[in-house]
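I opened my notebook with a sheet and its packing in mind. I wanted to work from the whole fold down to one residue.

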Amino acid sequence: MRVFRGFHHPGIAPACALTIGNFDGVHRGHQAMLALLTNEARHRGLPSCVLTFEPHPRDFFAVRAGKPELAPARIATLRDKLFELQRCGIEQVVVLRFDEALASLAPQAFIEQVLERGLGARYVLVGDDFRFGARRAGDYAMLDAAGSAAGFDVARMLSYEVHGLRVSSSAVREALAAGDMERVTGLLGRPFSISGHVQHGRKLGRELGFRTLNLRFHHAKPAAHGIFVVRVHGLTDAPLPGVASLGVRPTVEDSGRVLLEAHCLEWPAHLGEDGGYGRIVHVELLHKLHDERRYESLEALRAGIAADEDDARAWLVANAG
């Protein structure tokens with residue numbers, strides 16, 4: 001899969017079958033749309049392409065309004081979104097910076113500058129609630145009419161439902177906020193996960209007797225937070241069971257940065273003291289134990305982590321197989 005920041009690159013395909021959206025989480029509704037897109041692309045002899053945005057448009061408008069609390073919680077990092085788009089068979093992704101210029105672009109200008117000249121769209125697939133252009137003035141009818149005039153096809157996909165409930169990024173965020181990981185798995189079609197390079201930290205976990213793998217979550221407002229039973233992929237051939245904290249570490253840090261700290265219940269001896277650093281690991285969050293807690297001392301924190309480890313082991317035994 002080829003990934004481009006913006007569409008002013010010589011490597012971008014001159015024509016494509018396109019879908020547009022934020023695709024936060026790449027849930028089962030997204031997956032159904034992407035399957036339809038790749039099928040249409042194959043029949044038309046075109047590469048499949050996703051146009052997505054960073055930052056999320058609602059992030060941009062929340063900051064511009066001076067109300068960052070209105071920004072949606074983020075389900076996935078850009079890395080994980082791209083990974084899932086690749087798994088869905090997408091051949092090309094264009095990540096467009098959402099800024100003032102793009103926010104103020106009139107719908108017709110968006111069609112001409114981005115879809116036609118920028119991406120060479122020959123087929124455009126959108127969701128049933130798709131809006132575009134300044135003040136969200138563009139809709140499916142406008143896009144369809146523009147396609148008829150310019151010579152590209154436009155199609156619309158209706159909502160995707162599971163057990164009579166609409167699958168959406170909002171539903172995934174709600175389930176993550178509630179810690180309902182079983183429902184999250186049902187909406188995503190896979191366990192919720194976070195991946196990234198293992199980074200050096202303060203080594204506090206090692207001092208406390210619980211070595212951790214530290215991954216940055218590059219968004220200030222993750223949809224999930226708390227202490228979880230996890231599986232860690234990428235250190236050995238088989239996934240390793242563990243317990244992890246996702247959040248801002250209220251006992252030991254006040255910077256507000258979001259970290260995923262995963263502790264493997266059994267550390268592979270062949271990795272040695274520092275064998276995890278620099279590796280790309282993939283951490284699946286299987287079950288939420290509790291929210292983050294602020295402990296009154298490092299000794300209390302050590303006892304809390306030990307209790308979480310015991311609870312994680314118990315859950316894994318009860319849910320084995």
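Ground rules. I worked on a predicted model, where local features need pLDDT of at least 70 and side-chain atom pairs count only at pLDDT 80 or more, while totals for chains, interfaces and linings use all residues. Residues are numbered from 1 along each chain as its sequence is written, and side-chain values use heavy atoms, without hydrogens and water.

Sheet. I found an open sheet of 6 strands with antiparallel pairing, in the order S9-S14-S11-S12-S13-S10. Strands are DSSP E runs of at least two residues, and helices are H or I runs of at least four, numbered from the N terminus. Two strands pair if DSSP finds at least two bridges between them. S9 and S10 are at the edges with a single partner strand each, so one side of each has no neighbour in the sheet. I counted 4 bridges between S10 and S13.

Cores. I looked up the largest nonpolar core, which has 36 residues; Leu235 and Phe192 are among those touching the most other members. Such a core joins buried Ala, Val, Leu, Ile, Met, Phe, Trp, Tyr and Cys residues through side-chain atoms within 4.5 Å. A second, separate core has 32 residues, including Phe98.

Ser193. I placed Ser193 in S9 (residues 192-197). Is Ser193 buried or exposed? Ser193 is buried, at 12% relative accessible area. Buried is under 20%, exposed over 50%, partly exposed in between (1.4 Å probe, protein chains only). Beyond its neighbours within four places in sequence, Ser193 is in contact (heavy atoms within 4.5 Å) with Asp80, His282, Val283 and Glu284.
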